[in-house]
Each structure stands twice: as C-alpha cells, then as structure tokens.
Amino acid sequence: MPLTQNNGFQIDPRSGFCRCNSIFYSKRKPYHLPPNYCIDVTTFISSQAHHGKTAFIDASTGHHFSFVDLWKAVDSVATSLFEMGVRKGNVILLLSPNSIFFPVVCLSVMSLGAVITTTNPLNTPREIATQIADSKPLFAFTTSQLVPKLVNSNRNLPIILIDDHDSAKAQANILTTLSEMMRKEPSRSRVRERVNMDDTATLLYSSGTTGASKGVVSSHRNLIAMVQTIVGRFNEDREHKYICTVPMFHIYGLAMFATGLLAPGSTIIVLPKFEIHEMLSAIERYRATDLPLVPPILVALVNGADEMKSKYDLSSLQSVVSGGAPLSKEVIEGFVEKYQKVRILQGYGLTESTGVGASTDTLEESRRYGTAGLLTSSMEAKIVDPESGEALPMNQTGELWLRGPTIMKGYFFNAEATSTALDSEGWLRTGDLCYVDDDGFIFVIDRLKELIKYKGYQVPPAELEALLLTHSEISDAAVIPFPDKEAGQFPMAYVVRKARSSLSESAVMDFVARQVAPYKRIQRVAFIGAIPRNPSGKILRKDLIKLATSKL
C-alpha cells in the first residue's frame, strides 16, 4: 500500500517516489530545525546536551581541548574579534592545516554573524590572492609557516597567528596571536548583533573539478541542518573517537569535525597532515573507533591490510565512512574480508549541499554495490532528463536535483552561476548523472559535464575507471576525453601501476576492450605516478585533460 503524507501525496514506501509530482522523498527519519529563528550555528551546537569530556586531541603533540575549554576559548576569541571591529557580515579568512584550533576560529567567527572562508594550504599565493580579491576578508588567521603566502596578496591583509612563533611575529601585518585572544576574559555585557538562521555563515570555494572555483554561500540554517543530519546518523549509544584525516578547510572536514560531531560529544583526534602510518599509529594510541576517509585511503587499507595489521593494533576500529565517490564491489568486499569487525559506510554530498545528500548507514546498505545511498533526512530529489527537462521515475537515468534545508543560498556575487545551479523552487542541479532504484537507492553514473562524446555515443568515465581498478596490476586510474577530429572525443586512460608491474599500454586497452562495447574502448593510455584528486577524493580531470592536450 502506498504511504500517504500529510500533504496528501501518495508516496511509494519502497522507493520514496511520488507519481503526482515526480519527487523522491527521503525514507530516513526527519529532523526538526530549532523553533527559534534567531540562532547561530555555534549557539545551536554548544546548546546540545551530551556527556562528552574531551572534544579534540592533537595526535602529533597530545595537546587536547575539553568541551569546557573549547567553549571558553570560543567565547574569548569571539570577544576579541568583536573588540577588533568584526561585525555581522564581515568575512574572515582561515588558512591553516588541520588543527585543534581550526574549529575554535570557525565557531568564534560564526557566533558573531561574521562569515568564515577557508582555503587550501597547498594553494599557491596566486590562487589564495584570487580568493582574497573575491571574498575581501577583514582579517586572516594563519600559521607562521603560511604567512608568506598571504604577504603578497596585494591587500595588506592583517594577520592573526594561530601558532606563537617569534620570527613570524616580527613580520608586517601581524596583529596578535590566537593564544593571546584565548586568554581574553569573555565579555558578558557586550551586545552582539542579532544573528538569524538565514544569515550567511560560511563562504567555501567549490572544488572546481570541471571549471573555475566559485564561492558557495551557506547559511546558519544550512549548517544547523547539516549538524542535525550528522547527529542523527552517528548518534549511537557508544563512545565515538574519530580520526580526522580529511582537511577541515573542505566541506567534508568542516561538516564532520569542525561542527557536526561536536554536538553528540564525540572525541576528535586531529592529524595536522595525512600520512597513512601516522594515521594507523593514532588509531592504536588513542583507541579510535571511527575513521572518515576518501576512497584512495580505503583502497590503500585494503591493499596493505596484512602488513598494516601486523604493525598496528587496529582492534578498536568499528566503522569507516567513505565519501567522494561510490565504492566498487571489489573494494567493499576486499575491506570486509580484511577488516571483518569494521562496518563500511558511505556518504554523498556537495559543497553546495553542505556536504550531505545521500548515505549508506549500514553494511547491508553499502552492499548495494555502486550506490551513493538513500536520501538523507529531510532531503528531496528529482531525476531530470537533461535534454527535455522531464522529471523521470525509478530506474531511469538523468541529472540528480536536490532540495532541502542544507542547500546553499547561492554563489558569491555570481548571479549567472547561481541561476544556472538553482531554480526558482530551490532545486539544486547537481551536475551528476544518476538513477534511483526500486528501493530508493541513488546510483551516480558520472558527472554530466564529464561524459565523453564518442561519435554521438555517451561514455561515462567512472564506468571505465571502475573496470580498470579490477585489474590486478592497477592501483588507480582516471579516464578523460581526448579530442579527435573524426570521433569528436575518445576515452583516454591515465593509469597508476602497482609496484613492480610492467603493464603495457596495449595490455590495458585489450583488458578493457574484452569487456565493453566498441564505442567505450580505451584508445590511448598514459602511465602516471599518482592521479590528481581534490581533498574529497574527486579526480581532477581538468588537470589531466590539460596534461594530455598540452602537446597537441
């Protein structure tokens, strides 16, 4: 029997699909936003009831923040920022590797109604200067090591040092240090500007896997809804100790570690930079239970399982959460075989959806091989034919559209890009080619803009990449369109060979040709040391396309 919602629509309880409006509804338990409209995300998180004691541990030094220390530090830094003239709507830049101080800065800034914008420490000074010119921050928080990347931004940007380093203090533009701000006695008498849930909280720059990076404007409502999603997903009756490997400047890390996981009172063990043996050592030392990561790290855990388990005690680990790309059957089953007591979960989201969209919350769900999972709580979806604009039912492929409380406000001062991504009813065009099966599971076929057009046929690179990864001598692979006068484009593969492999170009092409239709065959192969990826694990195809076509 179809399920009737309060709005009177008849919704199929198996798929979540409503034939009346062609919308897929989430099958997860819905959450409720705060009844108080005038609330910021920092106040919302700090007001959540939990029994946690230690909020953050620095895996490299052992330094830690209790929850009491964390919220005192946030109040002190917010007081200092207010006295320095920071007001609602001002943008503050944060340039830093992972740190236990990263959330202190974010939460302090957002508590004032100011806007936090983060950037990748690996970015060049030119790339950082471009973001500064676009976002126009009032101040920048950074480390002494990264100060030179800001000095030549052409804006004479005042800097607050996250670490205390005497040589850096002597440089121009250094206003103060975070530690000095944290020693400030919080002011109880000052009057803050009223912050409401529709005010802007973050300005994160999208990965730009297919084009120029754009500033994604997210509200306090977006972040509160994201926190509610994460709390609902991981609120099990057990102690959680998370290893933070993914970068906090990225929506994945910001969502999980700098905000979301604070609400249930988890302990977060922070690695300043990723190194697999440091990660494994931290799991052993702190008896970590949960490990969010990206697919390449998961593959490394599978390939090196025997050696890793002989060197490190990983018995405390209970779950891994993978985001960035769906996992293949071979990777999932390989992990389950090597780590039999560890659940493998997955997540799908975009910067534009505040990091959430779909997930698998059990091993059984993850064994829907290739799925991105079920729609997250309170999220709606459409599958839309890119050519006709028609909304499609189950098991038909089209562009995934999402609507819900985590969907961004728009792109920063970019009305054209915003109108392209968001329609008048609040639907986000994700750019992902997907279908939804009879049970409501979403399957991502490929990026709509990344389909290879070969003689009128459409070839999904992700399908060929998944096939290449089944080869016993290939550790990683990426497929791109290569220009051709006759065909328009044809598939070209970049391949990372496993150690001591002498796999040839012809062997790779023959391996694929035996298993796909003629129009999907790989027609060119190049071997490479590593596939370039963004922090969430997505392949940077534009970099590979540039490399491949540079000699044409």
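These legends describe close-up views of a predicted model.

**View 1. Strand 17 and the two strands that pair with it.**
Strand 17 spans residues 319–323, and five of its five residues are buried, so the strand is largely enclosed by the rest of the structure. Ser319, Val321 and Gly323 point one way from the strand, while Val320 and Ser322 point the other way. Strand 16, residues 290–293, pairs with strand 17 in the parallel sense over four bridges. In this pairing, leucine 291 stands opposite valine 320 of strand 17. Strand 18, residues 343–349, also pairs with strand 17 in the parallel sense, here over five bridges. Valine 321 stands opposite leucine 345 of strand 18. From strand 17 the chain passes through helix 13, residues 329–338, to reach strand 18, and this β-α-β crossover is right-handed.

**View 2. Helix 10 and its buried residues.**
Helix 10 covers residues 276–286, and its buried residues are Ile276, Met279, Leu280, Ala282, Ile283 and Tyr286. These residues are on the same side of helix 10, because they cover an arc of only 155° around the axis. Their cover includes strand 5 (54–58), strand 14 (241–244), strand 15 (267–270) and strand 16. Helix 11 (295–303) and helix 12 (305–311) are also part of what covers them.

**View 3. The two ends of helix 10.**
At the start of helix 10, glutamate 275 brings a side-chain oxygen to within 3.0 Å of the backbone nitrogen of histidine 277. Just after the helix comes arginine 287, which takes a positive phi of about 55°.

**View 4. Helix 16 and its buried side.**
Helix 16 runs over residues 461–468. Pro461, Leu464, Glu465, Leu467 and Leu468 are buried in this helix. They cover an arc of only 160° around the axis, which puts them on the same side of helix 16.

**View 5. Valine 516 and lysine 520 in the loop between helix 17 and strand 31.**
The loop that holds valine 516 lies between helix 17 (505–513) and strand 31 (524–527). Valine 516 counts as buried because its relative accessibility is 16%, under the 20% cut-off. Apart from neighbours within four places in sequence, valine 516 is in contact with Leu464, Leu467 and Arg521. Lysine 520 is found in the loop between helix 17 and strand 31. Lysine 520 is buried, with a relative accessible area of 14%. With neighbours within four places in sequence again left aside, lysine 520 is in contact with Val459, Glu463, Leu464, Pro491 and Val512. For a sense of distance, valine 516 and methionine 248 are 268 residues apart in sequence and 40 Å apart in space, C-alpha to C-alpha.

**View 6. The two spans annotated as transmembrane region.**
In an unreviewed UniProt entry, the annotation "transmembrane region" covers residues 91–116 and 249–271. For residues 91–116, the end C-alpha atoms lie 6 Å apart in the model, and the span is 38% helix and 27% strand. For residues 249–271, the end C-alpha atoms lie 13 Å apart, and the span is 39% helix and 17% strand.

With a relative accessible area of 13%, threonine 143 is buried. Not counting residues up to four places away in sequence, threonine 143 touches Leu95, Ser96, Pro97, Leu161, Ile162 and Asp163.

**View 7. Arginine 126 in helix 4.**
Helix 4 spans residues 125–135 and contains arginine 126. Arginine 126 is exposed, with a relative accessible area of 59%. Arginine 87 is 39 residues from arginine 126 along the chain, and the C-alpha atoms of the two are separated by 28 Å.

Methods
Residues numbered from 1 in each chain as written. Predicted model: local features only at pLDDT ≥ 70, side-chain atom pairs only at ≥ 80, totals over all residues. Heavy atoms only, no water. Buried < 20%, exposed > 50% of the residue type's maximum accessible area, 1.4 Å probe, protein only. Pairing = 2+ DSSP bridges. Right-handed = clockwise from strand over helix to strand, strands pointing away. Arc of directions from axis to C-beta. Contact = heavy atoms within 4.5 Å. Polar contact = N/O pair within 3.5 Å; in protein donor to acceptor, adjacent residues only side chain to side chain. UniProt positions renumbered as here; feature names shortened; annotations may be inferred.
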